Amino acid sequence: MVGQAQAALAQRLELPAGAPTTPRELAIPRAGEPFDPYEALHGSRSSPAQCLTVPDGFWVEFDGKGDCIRAYSHGLNSAENPVVLVYFSGDVMLKTRTAVRFIAPGYERRSPDGLQRDMARWSREAGRPTIFLARPGMYGSSGDHNARRELREVMLMDRALNAIKNRYGVSRFILAGQSGGGQIAAALLNRRHDISAAALSSALLSVREVTRHWDKRRTVQSTNIQALHDPIDHVGRIPTQPRPSIVVLSDREDRIVPYESQLAYVRRLQATGFEPLHVLMTAADKTRHGLARHGQRAAAMMARGEPTATIRAELEKQASQANP
């Protein structure tokens, strides 16, 4: 039944037969204008000149190719920002069992104003500036969302953080990442020395393990599994002087990113000498996957300097209130 519902949804959201499916020039929605599902599904292209016209746009390059990465911020000082929180969202492109691609319902209702309101709320909660950093091909950034999970996506986000750091005088970042955005946050933990904390919610932390899990349930198999960049393989590179604080939020019944893959990451961290805070929660959505808001709250508490015991108690309190 679930597979039939997904197929019906894909048929409704996919572009009509004969419609163009090639990347097009990046649109620049402003204020309450919606994001276009076409770009998330088929990609978009930009240029350094166009990127100058994109609000909070950062032109970044990797391996000889560039993209315009868009940010949505609140509370940034023009001169200096010692600590900034950065959020990486989950995927918006989904697939049916037969690998038909479609964009999650609701994406076309999001807008720059909506994202900035989200960041304003998070900033008030954390007492620090906040940024929603749009991954390639999504929410106003150019690029190909279909090429997610690969090193290029990680490196574009890494270099976008460098650009933000230089433009706004940032000393340290606190990251939050949900699902596929958690893969980005975890991969950045493995390579940067300016991340003081990270909150990973329902996160894709063992990419190949999760890909194989879903390949067993699909009629069309993944073809680029060796090209995937897997955070769990590189936890030994996370800086230890000082060690960043790491919070992992999981739902045992997660139907998108299996709990066992998240637990494997936590155990790998522990084997490497880290002491991550792993909190079990219950997501309210049908897939038991949506813990993004809790991840942002954990990051906000770390930004306020709350001790680990307080963070755990507050998150467990939220879990019990959601499930009386």
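## Strand β8 and its partners

Two strands count as paired if DSSP finds at least two bridges between them. In this predicted model, strand β4 (residues 65-74) is joined to β8 by four bridges, and the two run antiparallel.

The bridge partner of V86 in β8 is I131.

Strand β8 itself covers residues 130-133. T130 and F132 point one way from the strand, while I131 and L133 point the other way. Are these four residues buried or exposed? T130, I131, F132 and L133 are all buried.

## Helix α7

Helix α7 spans residues 207-215, and its buried residues are V207, R208, V210, T211 and D215. Viewed down the axis of α7, these buried residues fall within an arc of 160 degrees, so they line one face of the helix.

Which helices do the buried residues of α7 pack against? They pack against α6 (180-189) and α8 (259-271).

## The second largest pocket

A probe the size of a water molecule, rolled over the atoms, shows where empty space is left. The second largest pocket has a volume of about 330 Å³. Its lining is made up of 21 residues, of which P244, S245, I246, M302 and T308 lie nearest the centre of the pocket.

At least two residues each come from the strands β9 (170-178), β10 (195-201) and β11 (245-250), and from the helices α9 (292-303) and α10 (308-322). Strand β11 gives the most to the lining, with three residues. Sorted by class, the lining of the second largest pocket holds 12 nonpolar, five polar and four charged residues.

## R124

R124 is placed in helix α4 (residues 112-126). The residue counts as exposed because its relative accessible area is 62%, and the cut-off for exposed is over 50%.

How far apart are R124 and F274 in sequence and in space? The two residues are 150 residues apart in sequence, and 30 Å separates them in space, C-alpha to C-alpha.

Key: Residues are numbered from 1 along each chain as its sequence is written. This is a predicted model: local features need pLDDT of at least 70, side-chain atom pairs count only at pLDDT 80 or more; totals for chains, interfaces and linings use all residues. Side-chain values use heavy atoms; hydrogens and water are left out. Buried means under 20% relative accessible area, exposed over 50%, partly exposed in between (1.4 Å probe, protein chains only). The arc is that of the directions from the helix axis to the C-beta atoms. Contact means heavy atoms within 4.5 Å. On a 1 Å grid over the protein atoms alone, a cavity is a set of points where a 1.4 Å probe fits but cannot get out, and a pocket is an open set with protein on both sides within 12 Å along at least five of seven lines; lining residues have an atom within 4 Å of a point. Grid points are joined across faces, edges and corners, and a volume is the space filled by probe spheres set on the points. Ala, Val, Leu, Ile, Met, Phe, Trp, Tyr, Cys and Pro count as nonpolar, Asp, Glu, Lys and Arg as charged, and the others, Gly among them, as polar.
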